[in-house]
Amino acid sequence: MTQEAEIAAAVRRLFDLPVAVAVTRPDAVHPALLEGEATLIARARPARIAEFTAGRSAAREAMRQLGYAPEPILATTDRAPIWPPGLVGSISHCADWCIAVLAPQSDMRALGVDIEDDGPLPADLLQEVCSPIEVARLQGQAPLGAAKSIFCAKEAAYKAQYPLTKTLFGFDRLEVTLAKDPTAFEAEFTQATECFTRGEKLPGRVALVAGHLVSGVAIGQIDRKGA
């Protein structure tokens, strides 16, 4: 199994319902951007342009898996992707991988995904990413390694909540509890936010694959297994 296939399989397992997943590399050769997309990153650094192009390419492959024809994927002023009607999705990238995940809106209201290398969180980011409570919970563990899992979990949760709240906020708005089961976590709102109450929790999953952490959160997921 290729690394691309390993990562795609791991990402699919993050969700209870089937999702379309595409995995690629930012330095691979990708089709040209579609109309309107290039203007979104016209002044970006070459590395960012490569990541953006790979993300759109992966997203269109995921769309194809769901039976959608290729079309431009524009963005809000906050740079969140604007998906075609009937779809919810998320894009994430790190230095060497880019992933896109899509699902029918009839199955879930929103979803978020993140990929990070599995190296420890830089020490100077610990206080920015983790609250004092989260830092205290890391005692007895390799704190910067566990903090990287918290970072990955928060990134997925933030991406999942954005389509519903249209709100960007700092890492302190969510507090993550890593379960004893290392594949699960909960992201709890520390204050009320549009559509969410203080204390409301977003469950998610995280996995280690091919030297990377991947995390996923689905909101309003419809369980059809018992239907």
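Leaving out neighbours within four places in sequence, Ala 160 is in contact with Ala 110, Leu 111, Gly 112, Val 217 and Ile 219 (contact means heavy atoms within 4.5 Å). This is a predicted model, in which local features need pLDDT of at least 70 and side-chain atom pairs count only at pLDDT 80 or more, while totals for chains, interfaces and linings use all residues. Residues are numbered from 1 along each chain as its sequence is written, and side-chain values use heavy atoms, with hydrogens and water left out.

Let us stay with Ala 160 for a moment. Ala 160 lies in helix α5 (helices are DSSP runs of H or I with at least four residues, strands are runs of E with at least two, and both are numbered from the N terminus). Ala 160 counts as buried because its relative accessible area is 0%; buried means under 20% relative accessible area, exposed means over 50%, and partly exposed is in between, with a 1.4 Å probe and protein chains only. One of its contacts, Val 217, is 57 residues away in sequence, yet the C-alpha atoms of Ala 160 and Val 217 are 6.3 Å apart in space.

Helix α5 also holds Thr 165. With a relative accessible area of 7%, Thr 165 is buried as well. The side chains of Thr 165 and Gln 161 are joined by a polar contact of 2.4 Å (a polar contact is a pair of N or O atoms within 3.5 Å; within protein, one must be able to donate a hydrogen and the other to accept it, and residues adjacent in sequence count only if both atoms are side-chain atoms). Setting aside residues up to four places away in sequence, Thr 165 touches Thr 193, Glu 194, Cys 195 and Phe 196.

Next, turn to Trp 83, in the loop between α2 and β2. Trp 83 is buried, since its relative accessible area is 14%. Its side chain reaches the backbone oxygen of Gly 89 at 3.1 Å. Beyond residues up to four places away in sequence, Trp 83 touches Ala 59, Ile 73, Val 88, Gly 89, Ser 90, Ile 91 and Leu 102. Of these, Ala 59 is 24 residues from Trp 83 in sequence and 9.5 Å from it in space, C-alpha to C-alpha.

β2 pairs with strand β3 (residues 98-104) in the antiparallel sense, over seven bridges; two strands pair if DSSP finds at least two bridges between them. Within this pairing, Ile 91 has Ala 100 of β3 as its bridge partner. The two strands form a hairpin, with four residues between them.

Another loop, between β1 (20-24) and α2, is where you will find His 30. His 30 counts as buried because its relative accessibility is 18%. Its side chain reaches the backbone oxygen of Arg 25 at 2.9 Å, and a polar contact of 3.3 Å links the side chain of His 30 with that of Ser 57. Residues up to four places away in sequence aside, His 30 touches Thr 24, Arg 25, Thr 53, Ala 54 and Ser 57.

Now for the pockets. The largest pocket contains about 1,400 Å³ of space. On a 1 Å grid over the protein atoms alone, a pocket is an open set of points with protein on both sides within 12 Å along at least five of seven lines, whereas a cavity is a set where a 1.4 Å probe fits but cannot get out; lining residues have an atom within 4 Å of a point. Grid points are joined across faces, edges and corners, and a volume is the space filled by probe spheres set on the points.

Which residues lie nearest the centre of the largest pocket? Of its 45 lining residues, they are Asp 78, Arg 79, Ala 80, Pro 81 and Lys 159. The elements α2 (46-65), β2, β4 (110-117) and α5 (143-165) each supply at least two residues of this lining, and α5 gives the most, with eight. The lining divides into 23 nonpolar, ten polar and twelve charged residues. Here Ala, Val, Leu, Ile, Met, Phe, Trp, Tyr, Cys and Pro count as nonpolar, Asp, Glu, Lys and Arg as charged, and the others, Gly among them, as polar.

The second largest pocket has a volume of about 180 Å³. It is lined by 13 residues, with Ser 149, Pro 182, Thr 183, Val 206 and Leu 213 nearest its centre. Helix α5 returns here: α5 and β7 (201-209) are the elements that give two or more residues to this lining. β7 gives the most, with three.
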